[in-house]
Amino acid sequence: MKHELSIYFSRTIYAAQWYILAPATLAIAQAENVSKALIGFLPFAFIIGAAITQIPAAFLSSKISPKKTFLIGLFILSLSDIIVPFTDKFIYAILLRVLAGLGAGLYFSPAAAVLVSKNKEKSATLMGLYNAAFSIGGLIGLSWGIIDAILGWRLATFIGGLLGLIAFAENIFFVNDYKLTSQSKIVFDKRLVILGIATSGIWGSSYAVGTLIPSFASELYKISSYKVSPLVSLYFVGNIIGGSLTYLFEKRNKFISIIIMAILTALTYPLYGIIDIYFMAIASLLNGIFVNITTSIYYAFAIDELNSINESLSLSIINLINMVIGVWVSPLFSLAMAINLKLSLYILLAITIIPVVLIKKL
């Protein structure tokens with residue numbers, strides 16, 4: 001139990017560092033005289049880095065072990081967040097987000113593989129809790145705007161990086177490791193590629209929401225992004241609820257469940273732009289519930305039915321494809337914001353639903 005809790009702890013801190021710059025994004029752009037239309041390239045840069053190390057993470061796990069691989073990733077991610085406050089140009093911030101992404105890519109699938117390695121019959125439940133831990137971290141990251149407002153984003157981000165090093169040290173001592181067998185290194189199922197493409201819109205839209213909704217809400221409702229972040233961070237509260245409910249789908253048809261939950265997820269996006277900021281908070285909560293259930297189910301589907309021998313490779317392939325395709329949603333979303341704020345929400349709806357039809361080819 002201590003082993004699982006330690007992974008959930010580092011997963012939480014890891015996730016906070018995904019979103020820690022989201023509340024400060026507009027402030028960074030304004031300080032460096034960067035157009036608001038370009039702010040989507042900060043989260044874009046992070047995912048480019050994370051995509052690059054997805055497959056290397058799986059193979060590095062087979063060479064030096066999954067635990068050592070995800071610890072290296074967590075260290076790199078944390079170090080980059082410690083350094084980014086000392087930058088004075090937007091391009092440096094982008095390059096450091098690429099570095100942070102490289103570390104994030106090395107963390108995700110090896111840590112998940114360690115988590116489910118001895119309890120595969122509960123893969124959906126464990127992945128749901130793994131995603132719930134990520135959501136707690138996302139909630140912390142989006143709410144980091146409160147710390148930014150008090151200390152300034154530079155010092156606040158530096159502190160966030162230090163928390164990552166604390167999680168790194170804790171996991172060294174309390175997380176168990178395991179070795180991959182020689183057989184587990186070579187198994188590959190082309191259906192993983194189809195699943196990755198089919199779910200890329202789900203992943204890309206949820207990432208765009210988590211990183212850019214504070215800026216979107218600030219522009220639409222004329223509220224400081226620091227103040228709006230705690231409200232829209234209810235998205236991550238929804239994620240936590242969704243991850244905790246995933247066990248209900250353990251014995252259900254995961255194929256049908258993915259389609260239904262993807263549709264429900266997509267329908268929540270237009271709700272972000274109606275009535276007021278408080279209704280947006282409710283929409284964020286619903287969206288978070290549906291997104292986490294959907295992603296947890298398709299991660300479990302990949303492990304259980306497409307490649308049950310090498311969990312790390314399965315998740316790496318899915319995440320790589322999700323990222324390579326889904327990362328383009330963030331700059332598309334910010335460019336659409338510059339044209340028409342509410343148009344960007346309908347783009348998320350379409351991008352979430354359209355690719356899911358490919359699941360029927362599995």
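Tutor: Let us begin with a term: helices (H or I, at least four residues) and strands (E, at least two) are DSSP runs, numbered from the N terminus. Pro-66, for instance, lies in helix α5. This is a predicted model, in which local features need pLDDT of at least 70 and side-chain atom pairs count only at pLDDT 80 or more, while totals for chains, interfaces and linings use all residues. Residues are numbered from 1 along each chain as its sequence is written, and side-chain values use heavy atoms, with hydrogens and water left out.

Student: How many helices and strands are in the chain?

Tutor: The chain has 18 helices and zero strands.

Student: Is Pro-66 buried or exposed?

Tutor: Buried means under 20% relative accessible area, exposed over 50%, and partly exposed in between (1.4 Å probe, protein chains only). Pro-66 has 0% relative accessibility and therefore counts as buried. Its C-alpha atom is separated by 9.3 Å from that of Leu-106, a residue 40 positions away along the chain. For the chain as a whole, 60% of the 362 residues count as buried.

Student: How is the packing of two helices described?

Tutor: Two packed helices are described by the angle between their axes and the distance between the axes. Axes are lines fitted to C-alpha atoms, for helices over the stretch in contact, and angles run from 0 to 180 degrees between N-to-C directions. Angles under 35 degrees count as roughly parallel, over 145 as roughly antiparallel, 65 to 115 as roughly perpendicular and the rest as oblique. Here, helix α4 (residues 54-64) packs against helix α5 (residues 66-83) at about 130°, with the axes 7 Å apart. The two helices are therefore oblique to each other.

Student: Which residues make the contact between α4 and α5?

Tutor: Contact means heavy atoms within 4.5 Å. From α4 come Ala-57, Leu-60, Ser-61 and Ile-64, and from α5 come Pro-66, Lys-68, Thr-69 and Ile-72. As for classes, Ala, Val, Leu, Ile, Met, Phe, Trp, Tyr, Cys and Pro count as nonpolar, Asp, Glu, Lys and Arg as charged, and the others, Gly among them, as polar. The contact of α4 with α5 has five nonpolar, two polar and one charged residues.

Student: At what angle do α11 and α18 pack?

Tutor: Helix α11 (residues 200-221) and helix α18 (residues 341-353) pack at about 170°, their axes 10 Å apart. They are therefore roughly antiparallel. Among the residues that meet are Ile-202 and Phe-216 in α11, and Leu-345 and Ile-351 in α18. This contact has nine nonpolar, four polar and two charged residues.

Student: Which side chains meet in a salt bridge?

Tutor: Side chains of opposite charge can pair when their charged atoms come close. A salt bridge is a side-chain nitrogen of Lys or Arg within 4 Å of a carboxyl oxygen of Asp or Glu. By this rule the count is one: Arg-97 and Asp-81 meet at 2.9 Å, N to O. Arg-97 belongs to helix α6 (residues 90-116) and Asp-81 to helix α5, so the pair ties together parts 16 residues apart in sequence. Both Arg-97 and Asp-81 are buried.

Student: What does Thr-294 touch, not counting residues up to four places away in sequence?

Tutor: Thr-294 lies in helix α15 (residues 277-306) and is buried, at 0% relative accessibility. It touches Ile-202, Ile-258, Met-261, Ala-262 and Thr-265 with that exclusion.
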